[in-house]
Amino acid sequence: MVVQQTVYAGWSKEQALDKTKKLLHRYPKTNLIWCASDLMAMGAITAAASSTSQIVFGGFDWLSDTFELIEHNEMQASVGGHFMMGAWALISVYDHYYGHPFWKDNTELAFDLSVITKENLADYYWIKSAKNWQSIDYKAMSLRGKPKEQYHFSPELLRKSLQK
């Protein structure tokens, strides 16, 4: 694989569409387009609609429309899970404030992102229909009172919390 060119599209679907048209003209044998957001991937997909090349598309964000694009093989992957980083950060700040031992030995948190593809799409459809985020017991994800525990933040943890 050879990276032909990297371009900035300002998180804009329209800019991504315009720039992808130009890039596909310049590099007609393109077979992979990776975007920093699903919205820009949507612009790239539209731009490539008339291309005769078989192009694989990917992005970040897990936007609602992304699920249909993956289901219909128009987009092949979306990385996400970062939409919950704010909640996870607040939980960890809460634990730090209350002196959880985790913070004596650690100075950072790592968050695992997940990739949605056609093969695991069904496992993530709950995100699209989740409406009661306020019902999640975020305090239960805290390590307070659990001195030997580690953080295990994940979309699966949120799904289980929403089902309670």
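Hi everyone, let's start at strand β2, which covers residues 56-60 and holds Val 56. Strands here are DSSP runs of E with at least two residues, while helices are runs of H or I with at least four, and both are numbered from the N terminus.

A word on the source: this is a predicted model, where local features need pLDDT of at least 70, side-chain atom pairs count only at pLDDT 80 or more, and totals for chains, interfaces and linings use all residues. Residues are numbered from 1 along each chain as its sequence is written, and side-chain values use heavy atoms, leaving out hydrogens and water.

Back to Val 56: is this residue buried, exposed or partly exposed? With 36% relative accessibility, Val 56 counts as partly exposed, because that label lies between buried, under 20% relative accessible area, and exposed, over 50% (1.4 Å probe, protein chains only).

Now let's turn to helix α3. Its residues Thr 66, Phe 67, Leu 69 and Ile 70 are buried. They sit on the same side of α3, because they cover an arc of only 165 degrees around the axis; that arc is taken from the directions from the helix axis to the C-beta atoms. And what covers them? The cover includes α2 (38-47), β3 (77-80), β4 (114-116) and α6, where contact means heavy atoms within 4.5 Å. Just after α3, Asn 73 takes a positive phi of about 60 degrees.

On to charges. Side chains of opposite charge can pair when their charged atoms come close. For a salt bridge, a side-chain nitrogen of Lys or Arg must be within 4 Å of a carboxyl oxygen of Asp or Glu. How many salt bridges does this rule give? The count is three.

Lys 128 is partly exposed at 32% relative accessible area, and Glu 68 is partly exposed at 28%.

Next come Asp 18 and Lys 22, whose side chains form a salt bridge at 3.2 Å, N to O. Both lie in helix α1 (residues 13-26), four residues apart, or about one turn of the helix.

Finally, Arg 159 and Glu 156 meet at 2.2 Å, N to O, in a salt bridge. They are separated by about one helical turn because they lie three residues apart in helix α7 (residues 155-163).
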